[in-house]
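Colleague: I am new to aromatic rings in proteins. Could you walk me through some with me asking how you know each thing?

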Amino acid sequence: MLAVHFDKPGGPENLYLKEVAKPSPGEGEVLLKVAASALNRADLLQIPRGLAAAGTGRDSRFFNKYSPGASLVAQWLRIGDPAIVLLPSGGQYVTVPEGLLMPIPAGLTMPQAAAIPEAWLTASQLLHLLGNVQAGDSVLIHAGASGVGTAAIQLTRMAGAVPLVTAGSQHRLQMAETLGAAAGFNYKEEDFSEATLKFSKGAGVNLILDCIGGSYWEKNVNCLALDGRWILYGLTGGADISGPLFSKILFKRGSLITSLLRSRDKKYKQMLVKAFTEQILPHFSTGNPQSLLPVLDRVYPITEIQEAHAYMETNKNVGKIVLELPQ
């Protein structure tokens with residue numbers, strides 16, 4: 001099978017396709033033939049593989065697909081069925097634990113489906129499991145036009161909360177507002193903290209989803225409401241801070257919560273996938289005008305892996321970048 005490889009650390013120019021042995025599924029695993037795979041920011045630190053894929057089931061090793069104790073996945077998945085999956089690595093074929101598979105919602109293309117797992121599971125985890133978002137909450141979403149950002153906007157709206165976003169261009173802010181953002185702030189042109197306080201009439205926001213980190217800490221604390229939750233899940237703006245972070249967040253009685261999805265264990269990921277499949281996935285319905293929508297920026301053939309990663313490094317995408325694999 002085909003897989004993306006690199007022989008030394010560096011940029012996208014080090015990526016290339018290589019023929020490797022096709023994996024075989026073990027007990028409780030499924031062999032998936034990958035049709036499309038989404039690129040992710042984490043790939044820039046851990047070249048070359050994505051965290052999400054869509055494809056069709058090819059082989060499995062279940063105890064008994066039809067026994068009363070069979071899992072939810074074992075009951076719906078058959079050879080040839082389309083599925084999406086959260087995974088740490090892979091190639092043209094991947095073996096995955098059955099509990100990480102989800103059915104593809106009707107009406108979605110394979111590239112659209114591949115845009116769901118990592119971005120939407122991350123956004124769902126941040127908002128619900130960690131942020132405990134409630135109806136009426138105000139939520140500030142940094143990088144509002146990213147894959148996670150575009151998912152978080154829609155999930156915030158679905159929860160009855162109010163999404164606010166930051167982004168670096170008018171085009172990105174317009175996309176965010178199209179998806180349901182109540183307001184957007186261009187961090188290159190204005191102080192998003194002051195703009196957030198103005199929008200909230202001085203109250204601040206109840207929840208901040210932050211993938212930036214160090215360079216935003218003071219502005220984040222400034223616009224955090226009393227008893228607010230600040231969820232840190234990335235450090236694209238650096239890891240260092242200089243200043244009285246603890247005293248400022250203590251004064252707000254704020255909670256600083258950190259999280260990564262990639263390093264979570266299988267049990268946690270299976271719990272997250274199960275909750276998402278039951279509570280969120282049914283809302284990806286093409287026949288519903290209020291349905292959730294995975295946002296695609298560009299789709300590349302796998303043979304253009306270098307170009308796809310180079311484009312991701314420009315940070316110009318709105319939504320997900322997806323690779324298509326030969327079938």
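Colleague: Which residue lies over the face of Y93?

Modeller: In this predicted model, K22 does, at 4.7 Å from the ring centre of Y93. The cut-off for that distance is 6 Å.

Colleague: What lies over the face of Y311?

Modeller: That is R298, at 3.8 Å from the ring centre.

Colleague: How many aromatic pairs does a search of the whole structure find?

Modeller: The search gives 5 aromatic pairs.

Colleague: Why is the pair of F192 and Y216 called tilted?

Modeller: Their planes meet at 50°. Stacked needs under 30 degrees and edge-to-face over 60, so this pair is tilted. The ring centres are 4.8 Å apart, and the limit for a pair is 6.5 Å.

Colleague: Where in the chain do F192 and Y216 sit?

Modeller: F192 belongs to helix α6, while Y216 is in the loop between β11 and α7.

Colleague: What makes F192 and Y216 buried or exposed?

Modeller: Buried means under 20% relative accessible area. F192 has 1%, so F192 is buried. Y216 has 10%, so Y216 is buried too.

Colleague: How do you know whether F276 and F284 form a pair that is stacked, edge-to-face or tilted?

Modeller: The centres of F276 and F284 are 6.4 Å apart, with 45° between the planes. That angle falls between the 30 and 60 degree limits, so the pair counts as tilted. F276, at 1% relative accessible area, is buried, and so is F284, at 3%.

Colleague: Which residues form one aromatic cluster?

Modeller: W120, F276 and F284 make up that cluster.

Key. Residues are numbered from 1 along each chain as its sequence is written. This is a predicted model: local features need pLDDT of at least 70, side-chain atom pairs count only at pLDDT 80 or more; totals for chains, interfaces and linings use all residues. Side-chain values use heavy atoms; hydrogens and water are left out. Rings of Phe, Tyr and Trp (its six-membered ring) pair if their centres lie within 6.5 Å; planes under 30 degrees apart count as stacked, over 60 as edge-to-face and the rest as tilted. Helices (H or I, at least four residues) and strands (E, at least two) are DSSP runs, numbered from the N terminus. Buried means under 20% relative accessible area, exposed over 50%, partly exposed in between (1.4 Å probe, protein chains only). A charge sits over a ring if NZ of Lys or CZ of Arg is within 6 Å of the ring centre and within 35 degrees of the ring normal.
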